[in-house]
Amino acid sequence: MNYIGSKKHLLHFIETTVKKEVGVLDNKIFCDLFAGTGTVGAYFKTKVKKVIANDIEPYAYAIIYNKIKNSTVYDLNKLEHEHKEGFIYKNYALKRNYFSKENAKKIDGLREAIEKSFTCKKINKDEYYYCLASLLFSADRVANTTGVYGSFLKKLKFMAKSKMKFIAQEFEPSDKQHEVYNQNANELIKTIEGDILYLDPPYNHRQYGLNYHILNTIVKNELFKPRGKSGFDDYIRSDYCRTTKVEEALDALIGEAKFKYIFLSYSNDGILDKIAIKKIMSKYGSYSVKEFDHIRYRVSQKSRKGHVVEYLHVVKKDGM
Ligand SMILES: C[S@@+](CC[C@H](N)C(=O)[O-])C[C@H]1O[C@@H](n2cnc3c(N)ncnc32)[C@H](O)[C@@H]1O
């Protein structure tokens with residue numbers, strides 16, 4: 001999945017910076033508080049004592065549950081399903097052009113089968129999220145978009161025409177008890193504690209709930225009246241995407257955090273500039289910053305040039 005703000009190309013940079021600051025990792029609790037697709041939390045799960053991962057979006061929760069907490073795989077061939085002319089078919093294939101009709105019917109059929117199997121206890125919670133995460137990634141591969149779901153392409157692109165394969169979403173096994181949450185970071189932070197807090201909030205105005213709305217629709221499995229050309233549902237507006245709210249939200253979050261080491265990923269073209277972040281973070285302890293140049297994920301060939309500087313802001317909190 002091409003996820004906006006994914007840190008998959010920055011893992012080594014993050015690990016090196018964290019290790020330099022923290023030292024030994026294997027007795028530490030690591031929290032990935034804005035986990036998205038769980039790339040960072042999953043990378044650290046074999047290196048630390050425990051990972052806590054969280055994201056406010058339901059689709060992201062399904063993904064991180066599977067990638068970080070899960071320990072049970074399921075044979076996807078056992079999931080009996082038929083093609084179904086359901087909600088996705090009617091609203092995002094027949095109307096709108098997000099999926100081919102055949103693929104949409106398959107998504108509806110599989111979603112129904114997953115729910116039924118869980119309700120009648122044929123699969124447990126781990127297997128449920130294994131199936132759901134697998135469905136999300138399988139559907140995303142054949143989505144008729146440029147990568148996000150804000151709009152669809154007029155004509156079905158090559159991948160969207162191909163038959164959707166239901167591909168298992170594997171995870172790295174771990175014998176540790178990791179935790180996953182689906183909460184607003186600013187609320188969750190009041191209830192958790194640990195050693196290393198990794199923050200990767202959105203850095204611009206693009207709300208994830210809009211950009212990935214169809215993934216939420218698949219996970220939530222509820223009926224609603226899709227709005228407008230893109231078929232949006234109601235969505236969560238993150239304070240981190242709002243110029244007027246972001247400083248206050250970040251300040252409150254760092255103030256509340258019961259973690260000694262806090263790392264914040266943020267790019268040079270974000271809502272907050274480097275100086276504003278330094279001002280907030282240095283209130284709470286000794287502050288430093290590391291830089292990394294990289295090529296950002298681009299939504300389309302037409303979008304702005306992809307060169308950005310990623311900052312990793314670090315604060316070692318006083319009194320922890
Ligand atoms: C830059 S992305 C994280 C990307 C992630 N590190 C990865 O590699 O996949 C930011 C994430 O923050 C989540 N988010 C936005 N506001 C939030 C909030 N208030 N609380 C928790 N998560 C939030 C979004 O849903 C999104 O997945």
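Me: Which residues does Phe152 touch, not counting residues up to four places away in sequence?
Reply: Phe152 touches Arg96, Asn97, Tyr98, Asn144 and Thr145, with residues up to four places away in sequence left out. Keep in mind that this is a predicted model.

Me: Where is Phe152 in the chain?
Reply: Phe152 sits in the loop between H6 and helix H7, residues 158–161.

Me: You listed Arg96 as a contact of Phe152. What is the phi of Arg96?
Reply: Arg96 has a positive phi of about 65°, although Arg96 is not a glycine. Its place is the loop between helix H4 (87–94) and helix H5 (101–119).

Me: Why does Arg96 count as partly exposed?
Reply: Because Arg96 has 19 C-beta neighbours inside 10 Å. Buried would need 20 or more, and exposed 12 or fewer.

Me: Which other residue has a positive phi although it is not a glycine?
Reply: Asn221 is one, with a phi of about 60°. Asn221 follows H10. Its loop runs between helix H10 (213–220) and helix H11 (246–256). Asn221 is partly exposed, with 15 other C-beta atoms within 10 Å.

Me: Let's look at H10 then. How many of its residues are buried?
Reply: Seven of the eight residues of H10 are buried, so the helix is largely enclosed by the rest of the structure. The buried ones are His213, Ile214, Leu215, Asn216, Thr217, Ile218 and Val219.

Me: What do the buried residues of H10 pack against?
Reply: Five helices: H3 (58–69), H4, H5, H6 (125–141) and H9 (208–211).

Me: What about Ile236, where is that?
Reply: Ile236 is in the loop between H10 and H11. It touches Ile56 and Gly209, not counting residues up to four places away in sequence. Ile236 is partly exposed, with 14 other C-beta atoms within 10 Å. From Ile236 to Asn184 is 9.8 Å, C-alpha to C-alpha, and the two are 52 residues apart in sequence.

Me: Zooming out. How is the chain divided into domains?
Reply: Domain 1 is 1–70 + 178–202 + 239–320, and domain 2 is 72–170 + 205–237. The contact takes 16 residues from domain 1 and 26 residues from domain 2. On the side of domain 1 that touches domain 2, 11 residues are nonpolar, four are polar and one is charged.

Me: How far apart are the C-alpha centres of the two domains?
Reply: They lie 27 Å apart.

Me: Switching to the ligand. Which residues come nearest?
Reply: Of the 23 residues around the ligand, the nearest are Gly5, Phe34, Gly36, Ala185 and Ser238. By class, that shell has 11 nonpolar, eight polar and four charged residues.

Me: Now strands. How do S4 and S5 run?
Reply: They run parallel. Four bridges join strand S4 (residues 196–199) to S5. Strand S5 covers residues 261–267, and six of its seven residues are buried.

Me: Which residues of helix H12 are buried?
Reply: In H12, residues 274–281, they are Ile277, Ile280 and Met281. Seen down the helix axis, the buried residues fall within an arc of 90°, so they line one face of H12.

Me: Last one. Where is Tyr284?
Reply: Tyr284 lies in the loop between H12 and strand S6 (285–295). It is partly exposed, with 18 C-beta neighbours inside 10 Å.

Me: Which residues does Tyr284 touch, not counting residues up to four places away in sequence?
Reply: Tyr284 touches Ile254, Gly255, Val315, Lys317 and Asp318, with that exclusion. Leu79 is 51 Å from Tyr284, C-alpha to C-alpha, and 205 residues apart in sequence.

Notes: Residues numbered from 1 in each chain as written. Predicted model: local features only at pLDDT ≥ 70, side-chain atom pairs only at ≥ 80, totals over all residues. Near = placed C-beta within 6 Å. Nonpolar A, V, L, I, M, F, W, Y, C, P; charged D, E, K, R; others polar. Helix = DSSP H or I, 4+ residues; strand = E, 2+ residues; numbered from the N terminus. Pairing = 2+ DSSP bridges. Domains from an automatic or database assignment. Contact = placed C-beta atoms within 7 Å. Arc of directions from axis to C-beta.
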